[in-house]
Amino acid sequence: MAAPPIYVRAKRQNETVFLSCEPGDTMMLLKTKLQEITGTDATSIRILGLDRLTIFEDESTVADHQLKDNAIVYFVFKGEHGDTYEDVKPHMFADSDVPDPATLEEGGDESKK
């Protein structure tokens, strides 16, 4: 019996996209799913980890990043000139339940401040 799909929440600005995926799915496949939903070419999408700093490489998989059901990832688009990606600023993820990395102390937890 096949394992049930994993649902990953992909967030950008005030948008949350729910992606159904399998542990062996690559980040490029997730980008392709985001392309179908957002209309932005998959090659112009970057997927970031929960810390909003870690870039998930296209060939890496859901399992490589240990994403579990209901995991959160972030995505940004290439900028207007196509050579850089959008800056990831705290206000872009206003609905985020994850603290801003800039406010975390080295090895610390914002909830302990």
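**A quick tour, starting at the helix**

Select M27, L30, K31 and L34: these are the buried residues of helix α1. Keep in mind as you click around that this is a predicted model. Look down the helix axis and you'll find that these residues cover an arc of only 100 degrees, which puts them on the same side of α1.

What do the buried residues of α1 pack against? Show the strands and you'll see: β1, β2, β3 (45–48), β4 (55–56) and β5 (71–77).

Now select the whole of α1, residues 27–38. Its 12 residues reach 16 Å from the first C-alpha to the last, close to the 16 Å expected at 1.5 Å a residue. Step just past the end of α1 to G39, which takes a positive phi of about 85 degrees.

Next stop, the hairpin. Select β1 (residues 6–12) together with β2 (residues 15–21); the two strands pair in the antiparallel sense over 7 bridges. Zoom in on R12 and you'll find E15 of β2 standing opposite. There are 2 residues between the strands of this hairpin, and Q13 takes a positive phi near 50 degrees.

Last, turn to the rings. Pick Y74 and R52: R52 lies over the face of Y74, at 5.5 Å from the ring centre. And how many aromatic pairs does a search of the whole structure find? The search turns up 1.

Definitions and conventions
Residues numbered from 1 in each chain as written. Predicted model: local features only at pLDDT ≥ 70, side-chain atom pairs only at ≥ 80, totals over all residues. Heavy atoms only, no water. Phe/Tyr/Trp six-rings, centres within 6.5 Å; stacked < 30°, edge-to-face > 60°. Lys NZ or Arg CZ within 6 Å of the ring centre and 35° of its normal. Pairing = 2+ DSSP bridges. Helix = DSSP H or I, 4+ residues; strand = E, 2+ residues; numbered from the N terminus. Expected span 1.5 Å × (residues − 1). Buried < 20%, exposed > 50% of the residue type's maximum accessible area, 1.4 Å probe, protein only. Arc of directions from axis to C-beta. Contact = heavy atoms within 4.5 Å.
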